[in-house]
Amino acid sequence: MGPVSILPKYQKLSTFRKGDSAKMTHLQAGLSPETIEKARLELNENPDVLHQDIQQVRDMIITRPDIGFLRTDDAFILRFLRARKFHQADAFRLLAQYFQYRQLNLDMFKNFKADDPGIKRALIDGFPGVLENRDHYGRKILLLFAANWDQSRNSFTDILRAILLSLEVLIEDPELQINGFILIIDWSNFSFKQASKLTPSILKLAIEGLQDSFPARFGGVHFVNQPWYIHALYTLIKPFLKDKTRKRIFLHGNNLNSLHQLIHPEFLPSEFGGTLPPYDMGTWARTLLGPDYNDENDYTHTSYNAMHVKHTSSNLERECSPKPMKRSQSVVEAGTLKHEEKGENDNTQPLLALD
């Protein structure tokens with residue numbers, strides 16, 4: 001999945017000088033000059049010492065003989081440096097946690113590829129959704145429609161595995177290592193019974209996997225149409241969240257105006273009051289499962305680590321065939337915003353603001 005060269009106009013920073021591209025190392029190949037400048041300004045990335053930074057992180061591996069560092073090439077270590085703004089000790093800590101999390105949760109990463117039955121079902125059911133275009137900051141937008149979680153069909157662990165696999169694929173793009181991600185969770189029609197399955201232990205597993213152990217920059221996590229019991233769950237998990245993470249969580253309720261202040265409507269599907277068509281739940285599944293994949297047929301997969309998927313049985317195909325998706329109740333006409341109603345203020349405004 002190669003980097004996208006078309007970037008928002010705002011990223012064309014005048015401080016980038018024509019001759020600077022000569023300083024670019026092969027590790028920055030494929031990045032636009034604007035993104036290279038953004039990495040310099042926001043992440044402290046310096047092409048002149050890039051290889052030294054990477055080697056200093058690699059040299060720290062000897063301090064953790066208890067962890068099996070299964071990959072230590074330059075490109076891999078670089079994504080951890082970018083995720084921690086080139087603070088080498090923090091980057092190494094994240095690298096160690098990445099592999100430690102996998103060691104401590106071996107079952108989660110067994111057959112960690114798109115043809116795994118559990119991961120495949122989650123992908124087909126839209127966990128996660130990934131929008132084709134990026135927002136005005138160049139960030140990739142991931143979607144979760146919580147009500148689509150059929151607990152008889154998908155375990156929470158398989159959904160988490162599908163999300164982590166998707167991020168592994170996406171983070172191969174160096175543009176996204178620098179620009180980061182946005183996550184929008186629509187809680188429309190998410191029942192109290194479904195919420196009761198979100199136990200502290202599995203929520204902690206998700207937080208450790210996404211916040212503490214993955215080299216991605218999350219620019220915001222946006223809750224939309226959340227009921228009161230999701231507020232209660234958020235209160236429950238708050239102690240596990242870092243201050244930086246808490247500042248990037250927004251609870252919008254059904255006030256899409258506050259969402260649009262942070263993510264412009266032209267980058268959102270109509271479920272979120274955007275101008276784009278409704279999201280097709282099969283979009284990302286088809287991307288991961290290969291060009292020949294459809295809802296009934298076998299498929300081959302080559303996009304992640306050149307993994308080749310074996311043909312599945314007809315029984316598995318029937319098991320994994322998609323069920324009708326529940327759609328968000330936040331759907332509005334394209335270009336139309338929902339207006340905040342009187343008395344709504346306490347529940348719908350973002351509880352926390354970005355730095």
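Predicted model: local features only at pLDDT ≥ 70, side-chain atom pairs only at ≥ 80, totals over all residues.
Two packed helices are described by the angle between their axes and the distance between the axes. For α3 (residues 74-83) and α4 (residues 88-104), the angle is about 120° and the axes lie 8 Å apart. That angle makes α3 oblique to α4, and the crossing of the two helices is right-handed.

Leaving aside neighbours within four places in sequence, Tyr101 is in contact with Met108, Phe109, Leu160, Leu164, Leu205, Glu208, Gly209 and Ser213. Tyr101 and Asp212 are 111 residues apart in sequence, yet their C-alpha atoms are 9.0 Å apart in space.

The protein chain comes to 15 helices and 5 strands. Of its 355 residues, 54% count as buried. Among contacts between residues at least 6 apart in sequence, 76% join residues at least 24 apart.

Turning to the strands, an open sheet of 5 strands has the order β1-β2-β3-β4-β5, and its pairing is mixed. The edge strands are β1 (129-134) and β5, each of which pairs on one side only. Neighbouring strands of the sheet are turned by 20° against each other on average, with direction ignored. Helix α6 (residues 156-170) lies across β1, β2 (140-145), β3 and β4, and runs at about 165° to β2.

On one side, β4 is joined by 6 bridges to strand β3 (residues 181-186), and the two strands run parallel. Phe181 stands opposite Phe218 of β4 in this pairing. How far is strand β4 enclosed by the rest of the structure? Of the 7 residues of β4 (residues 218-224), 6 are buried, so the strand is largely enclosed.

Leu183 gives a view of the sheet from strand β3, where it lies. Is Leu183 buried or exposed? With a relative accessible area of 15%, Leu183 falls under the 20% limit and is therefore buried. Not counting residues up to four places away in sequence, Leu183 touches Leu142, Leu144, Gly220, Val221 and His222. Of these residues, Val221 is 38 residues from Leu183 in sequence, and the two are 4.8 Å apart in space, C-alpha to C-alpha.

Definitions and conventions: Residues numbered from 1 in each chain as written. Heavy atoms only, no water. Buried < 20%, exposed > 50% of the residue type's maximum accessible area, 1.4 Å probe, protein only. Helix = DSSP H or I, 4+ residues; strand = E, 2+ residues; numbered from the N terminus. Pairing = 2+ DSSP bridges. Contact = heavy atoms within 4.5 Å. Axes fitted to C-alpha atoms, helices over the stretch in contact; angles between N-to-C directions. Parallel < 35°, antiparallel > 145°, perpendicular 65-115°, else oblique. Left-handed = near helix turned anticlockwise from the far one by under 90°.
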